[in-house]
Amino acid sequence: MSSATESATAGFLVWRLSMKWRVAVDRAVAPLGLTHAQYALLGSLYGMARSGRQPSQRQLADHTGLEALYVSKLARALETAGLVDRTRDPDDPRAMRLSLTERGHDVTRRAIKVVQGLLDQMLDPLGGRDSPRAREFTRELATLLEAPLDPHTENDEEQS
């Protein structure tokens, strides 16, 4: 651990790790014509489709943690690129359902392999993807993601 990270807060380290990951994924998927955000959407859509779901843009936004408006923008761009089909939901004409095209499946499978290689590199210092340390790290990240964050809670308590 460098002297710059020894005294760093957990928030700073989470931010740095997320930025390092985003930049690495951006660079890795660029040859496939994708950005990190597009990969996140395609990879999530791929996984949801494998479990038999054809999510709406809203459901995909909730799944990825991206803003619904941003998912809509990404989905339109991916549709223009021939990777995603957007169709009106017959039960809710305001909602758009998303699915991968054949080309979208191909590009997404290739991108997943590239990103899995990055994940292997990132988790290597913890003993590899299947090591006890990596599994514990994943559990800890999931715990943090499930914890509610309300920026007004702390301020409200201070004002009381």
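This is a predicted model: local features need pLDDT of at least 70, side-chain atom pairs count only at pLDDT 80 or more; totals for chains, interfaces and linings use all residues.

Author: Happy to! Helix α2 passes helix α6 in a right-handed crossing. To find them, look for residues 10–29, which form α2, and residues 102–123, which form α6. Their axes lie 10 Å apart, and the helices pack at an angle of about 140°.

Now zoom in on the side where they touch. From α2 come Leu17, Trp21, Ala24, Val25, Ala28 and Val29, and they meet Ala111, Val114, Val115, Leu118, Leu119 and Met122 of α6. Sorted by class, this contact has 12 nonpolar residues, with no polar and no charged ones.

Next, let's turn to the open space. The largest pocket of the model has a volume of about 2,300 Å³. It is lined by 43 residues, and those closest to its centre are Leu17, Ser18, Trp21, Met122 and Leu141. You have already met some of these names: Leu17 and Trp21 in α2, and Met122 in α6, take part in the helix contact too.

Which elements give two or more residues to this lining? They are α2, α3 (36–50), α4 (57–64), α6 and α7 (132–146). Helix α2 gives the most, with 13 residues. By class, the lining of the largest pocket divides into 30 nonpolar, 10 polar and three charged residues.

Methods. Residues are numbered from 1 along each chain as its sequence is written. Side-chain values use heavy atoms; hydrogens and water are left out. Axes are lines fitted to C-alpha atoms, for helices over the stretch in contact, and angles run from 0 to 180 degrees between N-to-C directions. Helices (H or I, at least four residues) and strands (E, at least two) are DSSP runs, numbered from the N terminus. A crossing is left-handed if the near helix is turned anticlockwise from the far one by less than a right angle, and right-handed if clockwise. Contact means heavy atoms within 4.5 Å. Ala, Val, Leu, Ile, Met, Phe, Trp, Tyr, Cys and Pro count as nonpolar, Asp, Glu, Lys and Arg as charged, and the others, Gly among them, as polar. On a 1 Å grid over the protein atoms alone, a cavity is a set of points where a 1.4 Å probe fits but cannot get out, and a pocket is an open set with protein on both sides within 12 Å along at least five of seven lines; lining residues have an atom within 4 Å of a point. Grid points are joined across faces, edges and corners, and a volume is the space filled by probe spheres set on the points.
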